[in-house]
Amino acid sequence: QVQLVASGGDSVQAGGSLRLSCAASKYISSSNCLAWFRQAPGREREGVASIYTGARTGIYADSVKGRFTISRDNIKNTLYLQMNSLKPEDTAEYYCAADQDCTSIYLPPPGSIYGYVTWGQGTQVTVSS
């Protein structure tokens with residue numbers, strides 16, 4: 001079972017940028033889907049971005065499309081989320097997760113995790129206006 005450790009959360013002003021990192025404890029095979037989720041108080045957990053480890057590009061929730069970029073470094077076994085043009089509504093606890101059995105990239109609908117059963121601890125992102 002791969003272990004995931006997320007970091008990089010911080011408090012920033014609206015319009016600012018952050019990069020989240022998620023370090024994996026062992027090699028992530030090309031068959032894994034990796035994703036970032038977030039959850040704000042009182043709201044459902046939401047899939048933000050996903051990347052298939054054999055691909056160079058990811059898919060995104062409409063709320064972050066054009067502002068966030070997911071990437072991974074297979075040598076460092078690390079997943080990243082570059083977040084630009086941050087908005088107060090991006091404030092949430094952010095989690096990285098892995099679906100080690102996926103065969104194609106996907107993001108679950110809000111409130112669902114489907115095959116993303118391996119999780120790291122969250123890292124808090126707070127965006128002030």
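**Exercise 1. Describe the largest pocket of this predicted model.**

Solution. 
- Start with the space. The largest pocket holds about 210 Å³.
- Next, find its centre. The lining has 14 residues, and Arg38, Arg43, Glu44, Glu46 and Glu89 are the closest to the centre.
- Eight of its residues are charged, three are polar and three are nonpolar.

**Exercise 2. Find the nonpolar cores and say which elements build the largest one.**

Solution. 
- Begin with a general expectation. In soluble globular proteins, nonpolar side chains tend to be buried together.
- Count the members. The largest nonpolar core has 29 residues.
- Trp36, Leu81, Met83 and Tyr94 touch the most other members.
- Check for another core. A second, separate one has seven residues, among them Cys33, Ala35, Phe37 and Cys102.

**Exercise 3. Work out the overall fold pattern and whether the radius of gyration agrees with a compact globule.**

Solution. 
- List the elements. The protein chain has eleven strands and zero helices.
- Take the box. The C-alpha atoms fill roughly 40 × 30 × 25 Å along the principal axes.
- Compare the radius. A compact globule of 129 residues would have a radius of gyration near 14 Å; the protein chain has 13 Å, so the two agree.
- Of the 129 residues, 43% count as buried, which here takes under 20% relative accessible area.
- Finish with contacts. Among those between residues at least 6 apart in sequence, 60% join residues at least 24 apart.

Technical notes. Residues are numbered from 1 along each chain as its sequence is written. This is a predicted model: local features need pLDDT of at least 70, side-chain atom pairs count only at pLDDT 80 or more; totals for chains, interfaces and linings use all residues. Side-chain values use heavy atoms; hydrogens and water are left out. On a 1 Å grid over the protein atoms alone, a cavity is a set of points where a 1.4 Å probe fits but cannot get out, and a pocket is an open set with protein on both sides within 12 Å along at least five of seven lines; lining residues have an atom within 4 Å of a point. Grid points are joined across faces, edges and corners, and a volume is the space filled by probe spheres set on the points. Ala, Val, Leu, Ile, Met, Phe, Trp, Tyr, Cys and Pro count as nonpolar, Asp, Glu, Lys and Arg as charged, and the others, Gly among them, as polar. A nonpolar core is a set of buried Ala, Val, Leu, Ile, Met, Phe, Trp, Tyr and Cys residues joined through side-chain atoms within 4.5 Å. Buried means under 20% relative accessible area, exposed over 50%, partly exposed in between (1.4 Å probe, protein chains only). Helices (H or I, at least four residues) and strands (E, at least two) are DSSP runs, numbered from the N terminus. The radius of gyration is taken over C-alpha atoms; the globule rule is 2.2 Å times the number of residues to the power 0.38. Contact means heavy atoms within 4.5 Å.
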